[in-house]
Amino acid sequence: MLKKLEDCSVRLKELDKTVADPDLVKDPQKYKAVMREHGHLSTIAALYDEYKKVLKGISDAHEMITSEDDHDMREMAREELRELEERLPKLEEEIKLKLIPPDPLDEKNIIVEIRNGVGGDEASLFVMDLFQMYTRLAERKGWKYEVINSSPTEVGGYKEITFSISGKFVYGTLRWEGGVHRVQRVPTTEAQGRIHTSTVTVAILPEAEETEIEIKPEDVRIDVMRAGGPGGQCVNTTDSAVRLTHIPTGLVVIQQDEKSQIKNKAKAFRVLRARLFDMEESKKNAERSAARKSMVGAGDRSERIRTYNFPQNRVSDHRINLTLYKLDQFMLGYMDEMLDALNVYAKEEQLKADITEMNND
């Protein structure tokens, strides 16, 4: 750890010179990458300074206990030593987690896709509930969100809904939300008061820049049609809905929320670009060593990640075995405790994987 900290100090000095170079701002991509790394290393440097102060404080306290004649001074030194020794392991753990380089994807905006699974109308209502949960979280954090496409149902839910969230550290916060979300509750239509179980799938896609994913015009078939509403009713008398078919991958994106065909086409390409980018990232992850194949989970849509039990006011994440008895607050967007625990667990698993790889090397 000390060797890594020294390496970080050397690298930070190099970056200080790079940041001072006025030509850096001429390359936006490089500027963004350099400032991200500089901010990360500056945090580590501050922790390293504190670490050295704690070590020196422990050494000084030991010396005072053995050499000081005054009883009160020795007691003060013992008290200080207890506090410093209690702080040291926590500080070491904090440093170890910070030494893991941040993922550049963490700063990206995201596109969220929520679809109903098992459970019919009840599942469609839970799609709406999850949409509201994530948008309330976004409002709390000062993020912006925009509905890209939706398929409302007659009972007031959604068969599926796609929306974007933009802001600071969005993907880094929500990246582990992908998978199957299971809900257990008594539906409003249930006369006998029986608890039903339904499922909904969530996909979290980092939003790609146009320069990151090239989509060749000849690779996309564009079809236009009239938009439809719940129950098959027509909601538009013009051919404003757009369907994109990416021929090489078979991916299909349908966009119909806007009355303008041009706007629907632009939104459809945003979603297609995000899906293609996600496919590329998934391929990269699959090529990593076996130790890295699963941190918190694969984010696979078939993986059951969480259960929402309304009668018990309980939300349980099955990947990290964390259960909270405050589902009512969770659904209002107060998800921080769960999200923080998932991210800490992911970093701890990555740290273990790094150590395993180093030992194997």
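Q: Where is the place of asparagine 313?
A: In this predicted model, asparagine 313 sits in the loop between β9 and β10 (314–317). Asparagine 313 has a positive phi of about 55 degrees, although it is not a glycine.

Q: Why does asparagine 313 count as partly exposed?
A: Its relative accessibility is 25%. Buried means under 20% and exposed means over 50%. The value falls in between, so asparagine 313 is partly exposed.

Q: Why is phenylalanine 169 called partly exposed?
A: Its relative accessible area is 33%.

Q: Which residues of α1 are buried, and what makes them line one face of the helix?
A: Leu5, Cys8, Leu12 and Leu15 are buried in α1. Seen down the axis of α1, the buried residues fall within an arc of 75 degrees, so they line one face. An α-helix has 3.6 residues a turn, so residues three or four places apart point the same way.

Q: What covers the buried residues of α1, and which residues are exposed on the other side?
A: The cover includes α2 (28–67) and α3 (71–98). On the other side of α1, Lys3, Lys13 and Lys17 are exposed.

Q: What makes strand β1 (residues 110–116) mostly covered?
A: Five of the seven residues of β1 are buried.

Q: How do you know that β1 pairs with β3 (residues 158–166) and with β5 (residues 196–206)?
A: Pairing needs at least two bridges. Six bridges join β1 to β3, and these strands run antiparallel. Seven bridges join β1 to β5, again antiparallel. Isoleucine 110 stands opposite isoleucine 165 in β3. Valine 112 has isoleucine 204 in β5 as its bridge partner.

Q: What does the UniProt annotation say about residues 67–94, and how much of the span is helix?
A: The unreviewed UniProt entry annotates residues 67–94 as "coiled-coil region". In the model, the span is 89% helix and 0% strand. Its end C-alpha atoms lie 33 Å apart.

Q: How many aromatic pairs are there, and why is that of phenylalanine 126 and tyrosine 308 called edge-to-face?
A: The count comes to five aromatic pairs. The rings of phenylalanine 126 and tyrosine 308 are 5.1 Å apart, centre to centre, with 70 degrees between the planes. Pairing needs centres within 6.5 Å, and edge-to-face needs over 60 degrees, so both terms apply.

Q: What does the pair of phenylalanine 126 and tyrosine 308 tie together?
A: Phenylalanine 126 lies in helix α4 (residues 121–141) and tyrosine 308 in strand β9 (residues 304–309), so the pair ties together parts that are 182 residues apart in sequence.

Q: Are phenylalanine 126 and tyrosine 308 buried or exposed?
A: Phenylalanine 126 is at 0% relative accessibility, so it counts as buried. Tyrosine 308 is also at 0% and counts as buried.

How values were computed:
Residues numbered from 1 in each chain as written. Predicted model: local features only at pLDDT ≥ 70, side-chain atom pairs only at ≥ 80, totals over all residues. Heavy atoms only, no water. Buried < 20%, exposed > 50% of the residue type's maximum accessible area, 1.4 Å probe, protein only. Helix = DSSP H or I, 4+ residues; strand = E, 2+ residues; numbered from the N terminus. Arc of directions from axis to C-beta. Contact = heavy atoms within 4.5 Å. UniProt positions renumbered as here; feature names shortened; annotations may be inferred. Phe/Tyr/Trp six-rings, centres within 6.5 Å; stacked < 30°, edge-to-face > 60°.
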